[in-house]
Amino acid sequence: MSPSLEEMSLEELWQLFPIFLREHDAAWKDWYEAERLRLLSFMPEHQIVRLSHIGSTSVETIWAKPIVDILLEIPIETDMAAMRESLLQNGYLLMSESKGRMSFNKGYTPSGFAERVFHLHLRYEGDHDELYFRDYLQEHHAVAKDYEKLKLSLWKQYEHNRDAYTEAKTDFIKKYTEEAKRLYGGRYEREDV
């Protein structure tokens, strides 16, 4: 009997779930929309500030890991632990937790990736830099292509080391997130779901 995901070491998980990129798939938008509706079906509406499709799968012109990233922003006064329990009861696994942030996944199985894979980032409202980075890439195709080239250059080197892959992209992401915040100002300071 193979070990459960919770029993595996980080190295075993990285072997089972390698980084791989593929050309943009228009179905990713549909995956997001179906999962958004599913989340809305069990999350109390008053506890959601905004649900957003983020990450490279939300940028139509570039290669991405076929994992749809979702940002779920909740009001400051919301009990994050209660939200965690609701997500765990509805098929999500907790990946990491830090002050004011939790990351979940869905679609990771003991035999590898499921057909549809999601990362859900639970945050308090206003913690949404990814929205600025996404918008910048969507509106600046040359920068999006530079990001794609960076990711493709890192893919094989860090195929089994997700942390190093993420770290190697950090400076690029920070640079253009800051540029986007200057350009877009308070675009996301409060809007409906």
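Serine 111 is exposed, with a relative accessible area of 70% (exposed means over 50%, buried under 20%, partly exposed in between, with a 1.4 Å probe and protein chains only). This serine sits in the loop between β4 (101-109) and β5 (112-124). Its C-alpha atom is separated by 25 Å from that of aspartate 30, 81 residues away along the chain.

The model is predicted, so local features need pLDDT of at least 70 and side-chain atom pairs count only at pLDDT 80 or more, while totals for chains, interfaces and linings use all residues. Residues are numbered from 1 along each chain as its sequence is written, and side-chain values use heavy atoms, leaving out hydrogens and water.

| Helix | Residues | Contact residues |
|---|---|---|
| α5 | 141-155 | Val143, Asp146, Tyr147, Leu150, Lys151, Leu154, Trp155 |
| α6 | 162-184 | Tyr165, Ala168, Lys169, Phe172, Ile173, Tyr176 |

Contact means heavy atoms within 4.5 Å. The axes of α5 and α6 come within 10 Å and cross at roughly 165° (axes are lines fitted to C-alpha atoms over the stretch in contact, with angles from 0 to 180 degrees between N-to-C directions). That makes α5 roughly antiparallel to α6, a word used for angles over 145 degrees. The contact residues divide into 10 nonpolar, no polar and three charged; Asp, Glu, Lys and Arg count as charged, and Ala, Val, Leu, Ile, Met, Phe, Trp, Tyr, Cys and Pro as nonpolar.

Helix α4 (residues 129-139) has buried residues too, including Leu131, Phe133 and Leu137. The buried residues of α4 pack against β1 (50-54), β2 (68-74), α5 and α6.

Methods. Helices (H or I, at least four residues) and strands (E, at least two) are DSSP runs, numbered from the N terminus. Angles under 35 degrees count as roughly parallel, over 145 as roughly antiparallel, 65 to 115 as roughly perpendicular and the rest as oblique.
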